[in-house]
Amino acid sequence: MAGPADLTECWRSRIRGRESAMKTERFWFKRIVWLASMAIIVAGSEGVSSAAGNQSDGTARPAPSESQEGDAEVPYTVQDGYFIVVEARIGGQRRMKFALDTGATHSVLRSELAKGLELASRPVRIVNLDHVLTQEMVEVTDFQLGPIRLAQLPMMTNDLGYLRETAPGVDGVIGLDVLRLRSFSIDFGRRKITFGAPRVLRWSVAMEMDQSYLAVEVRMLGRPVRLLVDSGVRTILLYRDRMGERLPNLKIEQQIRGASLSGSTALEVVTLPPVQLNGTELERRAVYLRNSPVGFLRGIDGYLSLTALRARRIGFDFERNLLSWE
């Protein structure tokens with residue numbers, strides 16, 4: 001059964017025969033795109049401050065309606081080799097396409113769809129990678145993803161222009177505000193997401209979880225590195241200024257441009273020394289982002305992509321705060 005690495009390999013194979021292996025690899029990194037990775041979000045009236053460890057950040061929480069009991073499976077498709085896209089519903093609008101992003105604090109709705117719903121909006125300020133942005137937030141009514149149904153859901157609005165080439169037709173992003181309401185697992189072979197009673201897979205590690213993000217600790221050169229678990233990034237991303245002396249002699253192999261909600265970002269392609277998550281060797285190809293968001297995400301060194309685990313299944317257990325895989 002195909003895992004995330006296999007999906008990436010399938011995507012790469014479409015351009016083989018036209019370019020050498022070296023050119024293929026270079027092209028792959030030039031296409032790196034980040035989804036709406038918003039690890040911090042704070043109400044605009046109070047300015048921007050860290051939401052890490054703060055149970056109240058000034059934004060409304062989802063209002064639950066009814067939730068289906070037992071396990072429920074939701075099929076998904078893959079776009080651009082790693083975007084996990086599911087169907088969800090808002091009111092009478094069915095079969096809307098949303099990308100899953102465990103690195104996004106709040107869900108996002110494409111701006112033009114929010115206008116059609118004629119919802120009241122308010123400004124909020126967020127951190128996206130290394131930028132602080134002001135975005136609009138709307139209150140969506142009657143949202144449903146599989147067994148999760150919410151009477152009201154505050155959603156960010158954005159034109160999602162950075163996804164037009166790599167994930168056309170996506171109507172929004174489903175973030176941690178929705179996903180954390182039920183434990184779930186992702187089966188990359190069957191392309192199914194199962195919501196319900198969590199099952200611990202072969203390997204597991206404790207997740208640090210608050211209102212803003214999920215984080216785990218990996219080891220590099222015997223030293224701890226704290227990363228946000230983010231299904232919206234293609235590779236491991238590290239903040240260069242926060243890694244400091246832990247990776248003093250890392251060679252920059254290539255400079256590329258990445259795209260995210262905050263716009264174009266300069267990235268540096270690197271090959272990391274061996275990286276382990278509770279004994280599992282991770283994919284070593286990664287990117288550096290030169291600067292971290294000043295004053296935010298204290299103690300966080302970067303982002304861990306799901307593809308870096310090279311797993312067939314990954315489970316998010318919010319009852320025991322465990323990330324597991326096999």
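Where is the place of Arg-89? We'll get to that in the second view, after a short note on the model.

This is a predicted model, where local features need pLDDT of at least 70 and side-chain atom pairs count only at pLDDT 80 or more, while totals for chains, interfaces and linings use all residues. Residues are numbered from 1 along each chain as its sequence is written, and side-chain values use heavy atoms, with hydrogens and water left out.

**View 1. An open sheet of 6 strands, with antiparallel pairing.**
Reading across, the strand order is S3-S13-S12-S25-S26-S14. Strands here are DSSP runs of E with at least two residues, helices are runs of H or I with at least four residues, and both are numbered from the N terminus. Two strands count as paired if DSSP finds at least two bridges between them. At the edges sit S3 (72–75) and S14 (203–206), each pairing on one side only. Neighbouring strands of this sheet are turned by 15° against each other on average, direction ignored; the axes are lines fitted to C-alpha atoms, and angles run from 0 to 180 degrees between N-to-C directions. Look at S3 and S13 (residues 192–195): they pair in the antiparallel sense over 4 bridges. Glu-73 has Thr-194 as its bridge partner in S13.

**View 2. Arg-89 and Ile-84, both placed in strand S5.**
Here's the answer to the opening question: Arg-89 is in strand S5. Arg-89 counts as buried because its relative accessibility is 7%; buried means under 20% relative accessible area, exposed means over 50%, and partly exposed is in between (1.4 Å probe, protein chains only). The side chain of Arg-89 has a polar atom 2.8 Å from the backbone oxygen of Gly-91. A polar contact, also of 2.8 Å, joins the side chains of Arg-89 and Gln-144. That term covers a pair of N or O atoms within 3.5 Å; within protein, one must be able to donate a hydrogen and the other to accept it, and residues adjacent in sequence count only if both atoms are side-chain atoms. Leaving aside neighbours within four places in sequence, Arg-89 is in contact (heavy atoms within 4.5 Å) with Arg-94, Asp-142, Phe-143, Gln-144 and Arg-149.
Now slide over to Ile-84, which is in S5 (residues 83–90) and is buried, with a relative accessible area of 5%. Not counting residues up to four places away in sequence, Ile-84 touches several residues, including Tyr-76, Phe-98, Leu-100, Ile-186 and Ile-193. The C-alpha atoms of Ile-84 and Phe-98 are separated by 8.3 Å, with the two residues 14 apart along the chain.

**View 3. Strand S10, a mostly covered strand.**
How many of the 11 residues of S10 are buried? It's 8 of them, in a strand that covers residues 148–158. S10 runs parallel to S7 (residues 108–110), and 3 bridges join the two. One partner to look for is Thr-157 in S10, which bridges to Leu-109.

**View 4. Arg-313 and Asp-187, a salt bridge between two strands.**
The side chains meet at 3.7 Å, N to O. Arg-313 is in S25 (residues 313–317) and Asp-187 is in S12 (residues 184–187), so the pair ties together parts that are 126 residues apart in sequence. Arg-313 is buried at 17% relative accessibility, and Asp-187 is buried too, at 8%. A salt bridge here is a side-chain nitrogen of Lys or Arg within 4 Å of a carboxyl oxygen of Asp or Glu. Arg-313 and Asp-187 belong to a network of salt bridges that links them with Glu-73, Arg-190 and Glu-326. In the whole structure, a search finds 18 salt bridges.

**View 5. Glu-253, in the loop between H5 and S19.**
Is Glu-253 buried or partly exposed? Glu-253 is partly exposed, with a relative accessible area of 37%. Its side chain meets that of Arg-285 in a salt bridge of 2.7 Å, N to O. Arg-285 counts as buried, at 18% relative accessibility. Leaving aside neighbours within four places in sequence, Glu-253 is in contact with Val-269, Val-270, Thr-271 and Arg-285.
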